[in-house]
Amino acid sequence: MDGMHDLGGKQGFGRVRYTLNAPAFHARWEVHVNSLYSFAVRSGLFNMDEYRHAIERMEPRHYLGASYYERTLTSLATLLVEKGLVTREELEQRAHGRFPLAAPSAPGRGNAPARERFKAGDRVRVKSDYVPGHIRMPGYIRGKTGVVLSESPPYPFPDAHAHSVQAQDEPTYDVRFRSEDLWPNSADAALVHVAVFQSYLDRAA
């Protein structure tokens with residue numbers, strides 16, 4: 001889906017701010033949230049693609065104003081409510097107020113019906129797919145052409161895995177793009193590598 005989460009390649013946000021050797025956690029509640037999320041995934045309550053998609057579904061202003069672990073908490077709570085393990089009323093009772101959750105999910109999709117196997121050196125074009133559900137295709141490579149460098153082992157197809165849709169596992173390809181092709185007249189010369197699922201690719205002429 002085209003959401004506020006997909007910030008790769010977008011302009012106007014200034015320099016990336018970071019702190020060297022920053023601690024992983026800044027408050028005790030962050031440790032608790034991370035532990036609950038990890039326990040839920042390991043217990044099979046939901047998978048990583050469901051987790052990511054619940055974050056993508058956050059209201060844009062909430063997403064931009066939330067910290068990393070606030071997003072984790074929103075995703076965790078949303079999925080637990082959707083799976084009937086807790087109610088929103090119970091969450092708000094414990095929070096003593098409003099408890100924001102992510103928006104409802106859209107339907108997912110299965111593998112592309114005609115997928116092609118690629119090898120190193122093949123030129124490929126990323127499909128111009130616009131889907132309402134989960135997708136692991138960065139928006140800035142949509143419709144762009146690159147060169148395959150290698151193939152990774154098959155992995156659950158995220159567009160289906162986030163929505164409990166049956167699909168075959170498929171490989172990702174390490175595709176190399178030229179920055180000038182991704183952002184014409186707006187980038188220094190560089191090479192950008194992206195792991196791209198098989199269903200997202202067509203052979204380029």
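# Reading strands, surface and pockets

Mentor: In β3, Val175 is the residue that stands opposite Val148. Keep in mind that this is a predicted model.

Trainee: How many bridges join β3 to β4?

Mentor: There are 7, and β3 and β4 run antiparallel. Take Val175 again. Its bridge partner in β4 is Val194, and on the other strand pairing it faces Val148.

Trainee: And β1? How many bridges join it to β2?

Mentor: β1 spans residues 123-126 and is joined to β2 by 3 bridges, again in an antiparallel run. Look at Arg125: its bridge partner in β2 is Thr145.

Trainee: Now the whole chain. How many helices and strands does it have?

Mentor: Count the elements, then read their order. The chain holds 7 helices and 5 strands. From the N terminus on, the order is α-α-α-α-α-β-β-α-β-α-β-β.

Trainee: What does the C-alpha trace span along its principal axes?

Mentor: About 60 × 40 × 25 Å.

Trainee: What share of the residues counts as buried?

Mentor: 38% of the 205 residues. The chain exposes about 12,400 Å². Carbon and sulfur atoms supply 52% of that area.

Trainee: Let me try one residue. Where is Phe39 found, and why does it count as exposed?

Mentor: Find the element, then the accessibility. Phe39 is found in helix α1, residues 28-42. Phe39 counts as exposed because its relative accessibility is 57%, and exposed means over 50%. Sequence and space can be read side by side here. Phe39 and Pro60 are 21 residues apart in sequence, and their C-alpha atoms are 27 Å apart in space.

Trainee: Now pockets. What does rolling a probe over the atoms show?

Mentor: A probe the size of a water molecule shows where empty space is left. Here, the largest pocket has a volume of about 610 Å³.

Trainee: Which residues lie nearest the centre of the largest pocket?

Mentor: They are His5, Arg52, Glu56, Ile135 and Arg136, out of 25 lining residues. Next, ask for the elements. α2 (48-56), α4 (68-82) and β4 (191-197) each supply at least two residues of the lining. α2 gives the most, with 5 residues.

Trainee: How does that lining divide by residue class?

Mentor: Into 15 nonpolar, 4 polar and 6 charged residues.

Trainee: Which residues line the second largest pocket?

Mentor: Phe13, Gly14, Arg15, Val16, Arg17, Ala66, Ser67, Tyr68 and Arg71. That lining divides into 4 nonpolar, 2 polar and 3 charged residues.

Note on methods
Residues are numbered from 1 along each chain as its sequence is written. This is a predicted model: local features need pLDDT of at least 70, side-chain atom pairs count only at pLDDT 80 or more; totals for chains, interfaces and linings use all residues. Side-chain values use heavy atoms; hydrogens and water are left out. On a 1 Å grid over the protein atoms alone, a cavity is a set of points where a 1.4 Å probe fits but cannot get out, and a pocket is an open set with protein on both sides within 12 Å along at least five of seven lines; lining residues have an atom within 4 Å of a point. Grid points are joined across faces, edges and corners, and a volume is the space filled by probe spheres set on the points. Helices (H or I, at least four residues) and strands (E, at least two) are DSSP runs, numbered from the N terminus. Ala, Val, Leu, Ile, Met, Phe, Trp, Tyr, Cys and Pro count as nonpolar, Asp, Glu, Lys and Arg as charged, and the others, Gly among them, as polar. Buried means under 20% relative accessible area, exposed over 50%, partly exposed in between (1.4 Å probe, protein chains only). Accessible areas come from the Shrake-Rupley method with a 1.4 Å probe; for residues, only the protein chains shown count as cover. Two strands pair if DSSP finds at least two bridges between them.
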